[in-house]
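Visitor: I am new to this structure and would be grateful for a close look at a single part of it. Please take the salt bridges as the subject, and let the account be a connected one.

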Amino acid sequence: MTRTLVLGGTHFVGHAVVAAALARGHDVTTLTRGESGSPAPGATGRHADRTDPAALAAALGDDSWDLVVDTWSGSPRVVRDSSRLLSGRARHYAYVSSRSVYEWPIPVDADESAPVVDADPDGADSGDYAAAKRGGELAVQRDFDGPALIARAGLILGPREDVGRLPWWLRRMAAGGPVPSPGPRDRPLQYIDARDLAEWLIDASASGVTGAYNAVSQPGHTTIGELLDLCRDVTGARAELVWVTPEDVDAAGVQPWTELPIWLPPSGESAGLHAANVSAAYTAGLTCRPAAQTVEDTWAWVQDVGDPPLRPDRPAPGMSPDAEARLLARADDRS
């Protein structure tokens, strides 16, 4: 039986990894602080503050694992410590990184050879997300004595999303009325469902895949028009999508990505965030489920749990009534 250790495991991606591993019959251990819920039924939970190397070592003891999945997003030295501790005790180490490690602006069609930010694998700072993730990559590559997979995830959506982008759109559609919708409708989007990321991490690691990969869907896996139509339809609401242009968004002073979650203008310095080259990951077996399934399952989860707590290190997504009014006024001026 495959023994899998998930460093994390009660939140978004970590929870999806645990579920995927259990579904494959793995013997799963999670390592968390024990403050955000119990491990999934069937998994063994251990508790420690990973920023304390001694506590981490005590919690893991002398055990060994076939696969380690690490979702850490803070200071790189925490990844360094776990990489060193698990060297010789784990067959494969998978680290969930981010496309944020690339130098800004990220070019359209950038593959894994694109320039990355400077970072320190021994660093204690977690304030610079890009540098922290890149430092974590460097720590795994330097300090884990064995094969390692670096998954540079893009936008991650799906049930249990703790940033709240897709849940915000679902809630807004459910509220009905005119909804400012950023166009053009056929603007391609690129993201990954956390469950698809989790399944690929496990399967790719089992196959011995190593190195860094852009772990996200093909560009145009869906469009902003299709995604918002799905959000409206799945809620059964009578919302009216009022399409506004990128120029309207700019003139109204509304912020892409944060106030208009998921969406970015199709041109300019942020265009590459929905246009990564993912040929390497797809060659290594990555597959992505249809957008409809991600939207439907996220809505079912939102209805089940209500408004879930969001990550405190990210800005709350979505438009205020004032921002919506400014965008709707721009649409009225053009009609």
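**Salt bridges and the strands beside them**

Guide: In this predicted model, the count of salt bridges comes to 22. One of these joins Asp122 to Arg80, with 3.3 Å between the closest N and O atoms. Asp122 belongs to the loop between S5 and H4, whereas Arg80 belongs to helix H3 (residues 76-86), so the contact ties together parts that lie 42 residues apart in sequence. Asp122 has a relative accessible area of 31% and is partly exposed. Arg80, at 16% relative accessibility, counts as buried, because the limit for that class is under 20%. Both residues take part in a network of salt bridges that links Arg80, Asp81, Arg84, Asp122, Arg142 and Asp143.

A further salt bridge is formed by Arg185 and Asp229, whose closest N and O atoms are 2.5 Å apart. Here too distant parts of the chain are linked: Arg185 is in the loop between strand S8 (178-182) and strand S9 (188-189), and Asp229 is in helix H7 (residues 224-235), 44 residues apart. Arg185 is partly exposed, with a relative accessible area of 39%, while Asp229 is buried at 17%.

The side chains of Asp248 and Arg330 also meet in a salt bridge, at 3.7 Å from N to O. Asp248 is buried, with a relative accessible area of 3%, and Arg330 is partly exposed at 33%.

The loop that holds Asp122 leads from S5 to H4, and the strands on either side of that helix deserve attention. Strand S5 (residues 90-98) runs parallel to S6 and is joined to it by 6 bridges. The chain passes from S5 through helix H4 (residues 129-143) to S6 in a right-handed β-α-β crossover. Within this pairing, Tyr95 stands opposite Ile150 of S6. Strand S6 also pairs with strand S11 (residues 211-215), again in the parallel sense, over 5 bridges. There the bridge partner of Ile150 is Ala212.

In a regular strand, side chains alternate between the two faces of the sheet. In S6, Ala148, Ile150 and Arg152 point one way and Leu149, Ala151 and Ala153 the other, and all are buried. Since 6 of the 6 residues of strand S6 (residues 148-153) are buried, the strand is largely enclosed by the rest of the structure.

Technical notes
Residues numbered from 1 in each chain as written. Predicted model: local features only at pLDDT ≥ 70, side-chain atom pairs only at ≥ 80, totals over all residues. Heavy atoms only, no water. Buried < 20%, exposed > 50% of the residue type's maximum accessible area, 1.4 Å probe, protein only. Helix = DSSP H or I, 4+ residues; strand = E, 2+ residues; numbered from the N terminus. Pairing = 2+ DSSP bridges. Right-handed = clockwise from strand over helix to strand, strands pointing away. Salt bridge = Lys/Arg side-chain N within 4 Å of Asp/Glu carboxyl O.
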